[in-house]
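Hi,

Here is the structure I said I would pass on. Have a look at it first, and then read on for what turned up.

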Amino acid sequence: MKSFRVLLLPFALLYGLAVTIRNFLYNKKYLRSAEFGLPVICIGNVTVGGTGKSPMVEYLVQLLQRQFKVATLSRGYKRKTKGYALAGDKTTALDIGDEPMQFHLKFPELTVAVGEERIVAIPQLLHDKPETQVILLDDAFQHRSVKAGLNILLTDYNNLFTRDWFLPTGDLRDQRLSYKRAQVIIVTKCPATLTEEEKQKLIKEIKPLPEQTVYFTTIEYGTPYHITNRTAHSLVHEEEVLLVCGIANPRPLKQYLNEQVASYSQLDYSDHHIFSIDDLKEIRKKFEILSGSKKLILTTEKDAVRLLKFRQELDRLPLYVLPVRHGFLFNGAEQFNGQIIHFIENYQLHTA
């Protein structure tokens with residue numbers, strides 16, 4: 001923890017008390033959670049910051065969309081609209097937020113909706129898309145007004161929830177004990193070389209319940225593609241890269257670039273930063289002063305959807321987008337995939 005955050009401990013105690021009381025009311029059923037008559041899968045965490053929720057939503061979409069009619073429902077953080085909204089042909093990131101827009105662009109057949117109040121948004125989504133068979137709730141673990149049939153809890157290997165403390169002293173936005181509500185726990189951003197011994201130590205620290213399954217994933221990067229024409233371009237070591245990045249935790253990405261290219265410089269922005277024309281001018285100016293003969297601009301998929309409003313200007317820039325995905329360690333993908341499919345099929349049989 002940063003030293004100045006320790007000074008905020010009284011506020012963290014008050015925040016923790018409020019969260020504890022709220023969970024108590026839900027646990028004792030003084031506050032009720034709504035259930036819906038179809039499989040609802042929640043992907044979330046108990047901390048703020050990047051644990052890989054968006055790539056996990058995408059993983060599940062890719063797993064399920066050939067077999068089921070899938071919809072995603074997100075809050076739509078930092079969008080310029082309010083209430084429920086369904087993505088359409090003319091939707092922008094300002095309408096629904098950057099992560100839902102990313103889903104909408106990558107999976108054109110996917111139903112993508114946003115709404116701050118999930119309990120209100122789900123009936124509206126089902127009214128608009130009655131053929132929906134599975135709903136993926138993005139970043140909704142702490143929102144208990146809706147009871148998901150399957151909860152997937154993500155925790156960062158470098159910032160395990162077991163070692164954290166309440167906001168604003170730490171990064172916890174929910175109690176540590178809330179992990180018990182999850183059926184699946186995934187330790188994300190692990191080193192690809194994680195050993196069996198390290199895995200067992202982490203499981204011992206998390207203390208999963210007998211009915212909980214713990215998986216481990218590492219970050220895998222795909223081939224960069226141009227932001228407008230989607231032409232692929234593999235990174236080579238001789239290249240000089242300008243990294244344009246506005247995500248919660250860019251550390252793994254920077255480590256990856258250290259291994260892949262000769263050198264890179266960076267323009268860091270806040271998480272969910274809304275790019276302006278002045279930002280674009282700054283990016284172009286910074287790129288032009290790079291000294292290498294081989295050079296390009298690299299950004300994340302989250303940032304790309306917020307830059308696309310400058311499509312005409314970007315056509316002339318060598319601006320490439322780096323895709324990211326979860327890679328399951330210890331051959332866990334088959335078991336995880338089977339667990340997800342089994343939940344959905346079982347749920348369908350149960351409600352038939």
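One bit of naming before anything else: helices (H or I, at least four residues) and strands (E, at least two) are runs assigned by DSSP, and their numbers count up from the N terminus. Also keep in mind that this is a predicted model.

Let's start with the sheets. At the S14 end, strand S8 (residues 213–221) runs antiparallel to S14, and 5 bridges join the two.

How many of the residues of S5 are buried? The count is 5 of 5, so to speak a mostly covered strand. Val134, Leu136 and Asp138 are buried on one side of S5, and Ile135 and Leu137 are buried on the other, which leaves both faces covered. As for partners, strand S1 (residues 40–44) runs parallel to S5 and is joined to it by 4 bridges; here Cys42 stands opposite Leu137. S2 runs parallel to S5 too, again with 4 bridges, and Thr72 has Leu136 in S5 as its bridge partner.

Next, the other sheet: an open one of 5 strands, mixed in its pairing, in the order S9-S13-S12-S10-S11. Strand S9 (225–226) and S11 are at its edges with a single partner strand each, so one side of each has no neighbour in the sheet. S10 and S12 run parallel and are joined by 5 bridges, and Glu240 stands opposite Lys295 in S12.

With 12 residues at 1.5 Å a residue, H9 should span 16 Å, and its end C-alpha atoms lie 17 Å apart, which agrees. Which residues of H9 are buried? They are Asp279, Leu280, Ile283 and Phe287. These cover an arc of only 100 degrees around the axis, so they sit on the same side of H9. Asp278, Lys281, Lys285 and Glu288 are exposed on the other side of H9. The cover over the buried residues of H9 includes strand S10 (240–245), strand S11 (263–268), strand S12 (295–300), helix H10 (301–307) and helix H11 (311–314).

Helix H5 (residues 98–106) is mostly covered, with 7 of its 9 residues buried. The buried ones are Asp98, Glu99, Pro100, Met101, Gln102, Phe103 and His104. What covers them includes helix H3 (53–64), S2, helix H4 (93–96), S4, S5 and H10.

On to the cysteines. The structure holds 0 disulfides. Are Cys42 and Cys190 buried or exposed? The cut-off for buried is under 20% relative accessible area. Cys42 has 2%, so it is buried, and Cys190 has 3% and therefore counts as buried.

- The peptide bond from Leu167 to Pro168 is cis, with omega near -5 degrees. Pro168 lies in the loop between strand S6 (150–156) and S7.
- Lys29 is not a glycine, yet it has a positive phi of about 65 degrees. You'll find Lys29 in the loop between helix H2 (9–27) and S1.
- Phe330 is also a residue other than glycine with a positive phi, near 55 degrees. Phe330 sits in the loop between S14 and helix H12 (333–351), and its relative accessible area of 32% makes it partly exposed.

Cheers

Key:
Residues are numbered from 1 along each chain as its sequence is written. This is a predicted model: local features need pLDDT of at least 70, side-chain atom pairs count only at pLDDT 80 or more; totals for chains, interfaces and linings use all residues. Side-chain values use heavy atoms; hydrogens and water are left out. Two strands pair if DSSP finds at least two bridges between them. The expected span of a helix is 1.5 Å times one less than its number of residues. Buried means under 20% relative accessible area, exposed over 50%, partly exposed in between (1.4 Å probe, protein chains only). The arc is that of the directions from the helix axis to the C-beta atoms. Contact means heavy atoms within 4.5 Å. A disulfide is a pair of cysteine sulfur atoms within 2.5 Å.
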